[in-house]
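Subject: Structure handover

Hi,

Here is the structure we talked about. Please open it and keep it beside this email while you read.

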Amino acid sequence: MSACIRLALASYACLLRLTPRSYRADFGNESMSDLREILLEAERFAGQTVVGTALRAHLDLMYQLPGTWWAELRPEPAGSGRGAGAPPGIRERTMNFMNELRLAARSLAKRPGFTLVAVLTLALGIGANVAIFSIVNAVLLRPLPFEDSDRLVQIRHHAPGLDLPELENSEALLGYYQRRAPFLEGVAGWGRGSSNLAGADQAIRVNVVAGQPALFELLRTQPFMGRPFNADDVTPDQEDGSDVVALSWNTWRSDFGADPSVLGRVIELDGRSVEVVAVMPEGFGFPDEDVDLYRALYLDPDGDFGTFGIRGLARLAPDVSVAAAQLRIDEMVAGIPDRFERITTEFLETAGFSASVETLRDSLVVDVESALWIILGTVAFVLLIACANVANLFLVRAESRQKEMAVRAAMGAGRRAVATTFLSESLLLGIGGGVVGVLIAGAGMDALLRIADLPRASEISLDAASLAVAGILSVVAGLAFGALPMARYAGTRFAAVLRDNGREVDEDAIATMTAEKTEKVQAAFGGSILNIEAIRMPGRGRIEVTGQLGDVMRESAQAALSFVRANCAEFDVDPKLFRRSDIHLHFPEGATPKDGPSAGVAIATCLVSLFTGRPVRHDLAMTGEVTLKGKVLEVGGVKEKLLAAQRAGIRTVLVPKDNLKDLEDVPEEVRRALDVIGCEEVETNICEALLDTVVANDLDDVEQAAPARAARGGERARARE
Amino acid sequence: MARDSATDRPRRPMKAAWFHILLALADGAQHGFGIRGSVKDRTGGAVKLYPATLYGSIRELSDEGLIQALEGDDDPDDDQRRRYYRLTRAGREALAAEVARQQDILDQARATRALSGA
């Protein structure tokens with residue numbers, strides 16, 4: 001097996017890790033061994049490349065990725081054998097999706113501060129990236145707007161020994177190359193300057209490029225109208241430039257009113273009469289589109305060797321690489337002494353004379369290339385940071401929406417529904433950020449280009465590629481930070497969606513079972529009133545616990561339930577009831593986070609009351625942690641709890657027996673007002689708390705009971721924390 | 001499958017990968033790689049099911065109850081690790097319905113001059 005196949009398999013295995021775990025477990029091994037067979041087969045038969053096949057397999061996996069997650073996350077996958085249920089149609093899905101987006105928009109509109117901050121943060125990140133990408137794309141990535149532009153090279157000379165590191169070309173050297181360089185299809189000297197133009201609509205200052213007639217040919221450019229320069233246009237007596245010019249498209253449009261009869265017109269350039277022989281096509285500009293006028297230039301091939309300053313453009317002959325051309329031109333430089341009498345080898349060595357060939361693109365952009373890449377990298381990080389910030393905001397917001405999610409869960413929303421909610425909101429935010437980002441990019445880029453002097457600046461614009469990048473960035477950013485809360489919440493059951501958010505009510509908690517005076521006691525020192533509400537409905541033995549609870553409290557509820565279920569015979573509860581009903585325990589004042597174990601006995605009592613129908617005494621409070629075996633364990637803060645209970649008008653308080661010693665700290669009048677009973681077993685609590693009468697309800701026929709009626713059978717108890 | 005009430009045909013075309021897999025299983029149980037091979041042979045190499053499409057579709061088809069994984073090994077000589085799948089009754093029906101749907105389209109095309117060899 002070749003290294004290539006091993007590499008492909010390894011990378012496929014990595015990619016496979018992105019699929020849901022269940023998919024991997026079911027199909028991972030088979031996928032890998034299949035791919036191995038496929039690649040080996042590709043290796044055996046000519047006509048299929050291993051790399052291509054591996055690439056297709058990878059693409060195939062990427063293409064299927066969303067599908068594997070969709071199968072994972074959808075609420076109730078139709079089990080095998082249940083018959084063929086068609087997936088929702090495309091219209092249905094679109095409708096659902098639009099609906100989700102509408103809901104998401106509404107939910108975002110409800111929190112304009114959050115939305116504004118998130119959108120602006122993303123917009124800055126996306127805008128910066130789009131702007132810089134547009135620049136990088138136009139300057140560095142797009143080829144120059146000339147035919148076969150990668151064959152165009154610039155020739156320069158260097159003489160560091162004479163303190164002249166950058167020389168252009170001299171007439172004699174250009175002539176030398178023009179005559180004796182077969183590896184170059186052609187060479188043309190050119191220069192750039194500005195002149196005063198009269199004879200147009202008004203006198204103006206124009207940018208002029210003067211070039212040898214071969215220049216346009218090298219660029220493979222034909223005039224829009226008129227004729228290209230030819231060798232007859234230039235004669236040795238025209239030292240200042242020839243008598244023929246070509247207008248750029250823009251100049252023709254703006255200064256000559258796009259006059260179709262402009263050809264043959266005589267204009268004055270720096271006081272000399274020249275004839276317009278051509279108009280260059282739209283979008284053409286050499287070296288950039290700022291040039292207004294092109295003028296034919298005469299260079300003497302036998303001219304002075306030592307006068308440099310003429311730029312040299314050349315086109316490589318077919319099949320000659322830049323590196324090869326460099327080697328050949330080095331040889332030619334070494335051969336200079338044979339051609340030019342006055343130049344000696346010693347002189348060239350002293351001067352360190354050399355020639356360089358680089359592509360025209362490199363010569364134009366090399367100064368800014370690395371800087372631009374660095375800036376692009378930087379703004380990419382800015383976007384990452386922006387995403388991280390928004391993700392953070394999003395997470396915080398998701399935390400604060402636990403109640404909403406609990407309600408949705410209670411109404412039957414599945415994991416996918418919650419995931420969709422988060423995703424559509426984050427997607428909306430991402431798209432909003434993208435749209436604003438493009439606006440920012442548009443405005444910012446103009447400002448940037450005015451400050452920065454960039455090559456090819458005229459080619460920079462917000463084009464389709466930039467918009468595509470903006471779109472991709474928005475969607476990816478949106479999905480990325482939407483996936484965070486999703487990963488956090490969608491992977492667990494709903495009870496876990498309502499995870500605590502870390503803040504705990506202090507331990508001065510007491511569980512009471514009274515119903516009145518909530519507000520009053522809530523204001524009292526040492527915690528807040530907590531209702532324990534429990535309802536039972538037809539179901540399948542699930543328990544839902546809600547109300548901003550910490551893990552400890554949640555677990556203590558679980559322990560209480562297990563205890564009650566395990567001892568149902570003792571409490572005269574039909575064990576089948578547990579299987580046939582769902583229980584929802586709720587601790588109202590859902591906005592207040594609660595935690596701690598001391599409501600355990602109260603929860604147990606509440607559950608027994610729920611299943612037996614025996615109501616709870618309303619003047620009784622209790623506190624204590626309950627173990628699985630029904631032992632009541634000591635809790636802290638009993639003094640404060642008793643104070644609060646007394647203030648709430650409670651008569652009887654059940655505390656753990658081990659806490660009776662804390663009574664010494666309790667003021668005398670409180671002790672007198674309360675009947676404090678120490679309990680060791682939770683049965684004691686239950687016996688004390690529950691009345692013997694049974695409230696009539698449909699306990700034994702839960703399955704037939706309508707939900708509303710089952711709710712009526714619900715028992716209310718309350719606990720104080 | 002959602003059927004058109006008038007013609008009792010599936011309303012939407014079946015996914016190509018589903019169709020090929022069901023077709024490959026019509027002659028008997030096969031494992032994933034075997035399905036790939038028979039699809040490739042039957043179509044003369046025009047349709048190649050790469051692993052993710054293959055197993056993704058197999059999972060969807062199992063979820064839909066159109067195919068079923070066999071417990072235990074169907075062919076002890078073959079690779080022990082591979083799981084075999086067979087068509088369920090629902091799968092056979094779905095395949096037949098899809099073929100009938102395609103037949104309808106073919107009939108309609110024949111009725112016009114689309115296939116008259118022009």
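Start with chain B. Helix 2 (residues 32-42) of chain B and helix 3 (residues 51-64) of chain B have axes that come within 10 Å. They cross at roughly 115 degrees. Helix 2 of chain B and helix 3 of chain B are therefore roughly perpendicular to each other, as angles of 65 to 115 degrees count as such. Their crossing is right-handed. Bear in mind that this is a predicted model.

Now turn to chain A. Find helix 5 (residues 112-141) of chain A and helix 12 (residues 360-400) of chain A. Their axes come within 8 Å and cross at roughly 165 degrees. An angle over 145 degrees counts as roughly antiparallel. Helix 5 of chain A and helix 12 of chain A therefore fall into that class. The crossing of these two helices is left-handed. What kinds of residue make up the contact of helix 5 of chain A with helix 12 of chain A? There are 27 nonpolar, four polar and three charged residues.

Next, the charged pairs. Side chains of opposite charge can pair when their charged atoms come close. Over all chains, the structure holds 23 salt bridges. One of them joins A:Asp243 and A:Arg272. The closest N and O atoms of that pair are 2.6 Å apart. A:Asp243 sits in the loop between strand 5 (225-226) and strand 6 (244-247) of chain A, while A:Arg272 belongs to strand 8 (residues 272-279) of chain A. So the pair ties together parts that are 29 residues apart in sequence.

Two backbone details in chain A deserve a look. The peptide bond from A:Phe286 to A:Pro287 is cis, with omega near -5 degrees. A:Pro287 is in the loop between strand 8 and strand 9 (293-296) of chain A. The other detail is A:Asp148, with phi near 45 degrees. That is a positive value in a residue other than glycine. Look for A:Asp148 in the loop between helix 5 and strand 1 (152-159) of chain A.

Last, the empty space. Rolling a probe the size of a water molecule over the atoms shows where such space is left. The structure holds six cavities of 30 Å³ or more. The second largest cavity has a volume of about 50 Å³. Which residues line the second largest cavity? They are A:Ser248, A:Trp249, A:Asn250, A:Gly283, A:Phe284, A:Glu289 and A:Val291. By class, this lining has three nonpolar, three polar and one charged residues.

Best wishes

How values were computed: Residues numbered from 1 in each chain as written. Chains lettered and ligands numbered in written order. Predicted model: local features only at pLDDT ≥ 70, side-chain atom pairs only at ≥ 80, totals over all residues. Heavy atoms only, no water. 1 Å grid on protein atoms, 1.4 Å probe; cavity = no way out; pocket = protein on both sides within 12 Å on 5 of 7 lines; lining within 4 Å. Points joined across faces, edges and corners; volume = space filled by probe spheres on them. Nonpolar A, V, L, I, M, F, W, Y, C, P; charged D, E, K, R; others polar. Axes fitted to C-alpha atoms, helices over the stretch in contact; angles between N-to-C directions. Helix = DSSP H or I, 4+ residues; strand = E, 2+ residues; numbered from the N terminus. Parallel < 35°, antiparallel > 145°, perpendicular 65-115°, else oblique. Left-handed = near helix turned anticlockwise from the far one by under 90°. Salt bridge = Lys/Arg side-chain N within 4 Å of Asp/Glu carboxyl O.
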